[in-house]
Amino acid sequence: MTTRERLAAVQEWVEVRVGISQLIEMGREKKVPLHRHSFWYYMGGMTLFLFGIQVGTGILLLLYYRPSSGEAFESVQFLMTRVPFGWLIRSIHSWSANLLVFVLFLHMFSAFFLKAFRKPRELTWLTGAVLLALMMGFGFSGYLLPWNTLAFFATQVGTEVAGRVPVVGEFALRLLRGGDQVTGATLTRFYGIHVAILPALTTVILGAHLLFVQKHGMSVPPQVEADAERAGKPLGSYPFLPNFLLRDAIGWCAALGVLAGLAALFPWELGEKADPFASAPAGIRPEWYFGWMFQTLKMLPPHILGFEGEVLGILAITLGFIIWFAVPFLDRTPRPGNRVTRAFAVGGWLALLYMAVATAMVYWPQ
Ligand code: HEM
């Protein structure tokens, strides 16, 4: 038997059991609409790629990490100084987490402005919105794990805010902290949330999100549809396999290059070990994607119309998230020129502008 015949036999064996040619055929039949906004279709795949990087590097970090207040900092220090390329893996995990959230925001806002949430894609939007909450949960829980000063006090502030939520706040605070204070019990909980609960939930919700994308195909923005109709020209498209996937792959290679550059040139710092008895250092700030919420609460006066300013702020932010989740059900027939559609588009730009300015205020060098 020649090598070629052997390879063909292996291919045949796999084909009978897996049916790869059917999958390839499906990918060839799947078409991606081609128009002036097609670029934004790559953002979901880029988010997926970065999530894959998180899973891979996270598993490697788990080989050395120890989730207790007595050992967490030391285990990360060991990883960074003694384990070959340990510093690089940790650096990539941290940079990629930030890049993931950034690309996720691009993906989400492009889906919003291009009205990709229209019928029948309401559940694609809803599962996406849950993924946003899950990714923010990953960021918040992961931040504490190295058990350094900055993470310790930022978690204290973050969980305090959760504790201010009317009715459920106190319960949420104790549930997150595993007691009244941030202690080793909090670290153990955050570890469980970060490596077990959130990955399990993400697997299910991400599976559903991708299933809906597969079922409905990529949407065409209403404005593009209207323009094509006016011009009397059918809209172009190109095959998912190989054209779209190959372009996706070019983006992923570029992302790898950016990640490698950032991780090697700006290695993620570890700082000092947390001392729960020390007073909080000046300038405690959350991760940038929580910055606008942090700044909103900071700017509010202590009392507004007899109510606590911070509580009103938390309620307003919660309402903002509820409206964001419900977008497909509020802007139900998005057409160019429709008043609700126009109001949502203006609201979206204003929200984006506000978030950018508030975040800049947190991180602007003082
Ligand atoms: C871990 C997070 C996420 C991953 C990995 C992910 C992945 C993807 C992928 C691969 C696609 C198909 C390609 C594309 O249209 O870009 C997609 C489509 C979509 N996603 Fe996400 N997504 C995530 C989060 C979100 C969020 C936060 C939202 C909005 C709240 C969202 C809403 C949508 C919508 C509406 C579509 C359909 C786009 C269309 O048909 O044109 N996704 N997502």
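How far from a nitrogen atom of the ligand does a polar side-chain atom of H107 lie? The separation is 2.8 Å. This is a predicted model, where local features need pLDDT of at least 70, side-chain atom pairs count only at pLDDT 80 or more, and totals for chains, interfaces and linings use all residues. Residues are numbered from 1 along each chain as its sequence is written, and side-chain values use heavy atoms, with hydrogens and water left out.

**Around the ligand**

- The ligand has 25 residues around it, and Y41, H107, G128, H209 and S219 come nearest; being near takes a heavy atom within 4 Å of the molecule.
- Helices α3 (42-62), α5 (86-113), α6 (122-144) and α9 (184-216) each give the shell at least two residues; helices here are DSSP runs of H or I with at least four residues, numbered from the N terminus.
- With seven residues, α6 supplies the largest share of that shell.
- Sorted by class, the shell has 15 nonpolar, nine polar and one charged residues. (Ala, Val, Leu, Ile, Met, Phe, Trp, Tyr, Cys and Pro count as nonpolar, Asp, Glu, Lys and Arg as charged, and the others, Gly among them, as polar.)

**The α12 and α13 pair**

- Helix α12 (residues 291-299) and helix α13 (residues 309-325) have axes that come within 9 Å and cross at roughly 145 degrees. The axes are lines fitted to C-alpha atoms over the stretch in contact, with angles running from 0 to 180 degrees between N-to-C directions.
- On the α12 side W292, M293, T296 and L297 take part, meeting E310, G313, I314, I317 and F321 of α13; contact means heavy atoms within 4.5 Å.
- That contact is made up of six nonpolar, two polar and one charged residues.

**Salt bridges**

- Searching the whole structure turns up nine salt bridges, each a side-chain nitrogen of Lys or Arg within 4 Å of a carboxyl oxygen of Asp or Glu.
- One of them pairs K115 with D331, at 3.3 Å from N to O.
- K115 is in the loop between α5 and α6 and D331 in the loop between α14 (327-330) and α15 (339-363), so this pair ties together parts 216 residues apart in sequence.

- Most residues other than glycine have a negative phi, and most peptide bonds are trans.
- K115 is not a glycine, yet has a positive phi of about 60 degrees.
- The K119 to P120 peptide bond is cis, with omega near 5 degrees, and P120 is in the loop between α5 and α6.
- Another cis peptide bond joins L241 and P242, with omega about 5 degrees; P242 is placed in helix α11 (residues 240-265).

Definitions and conventions: Polar contact = N/O pair within 3.5 Å; in protein donor to acceptor, adjacent residues only side chain to side chain.
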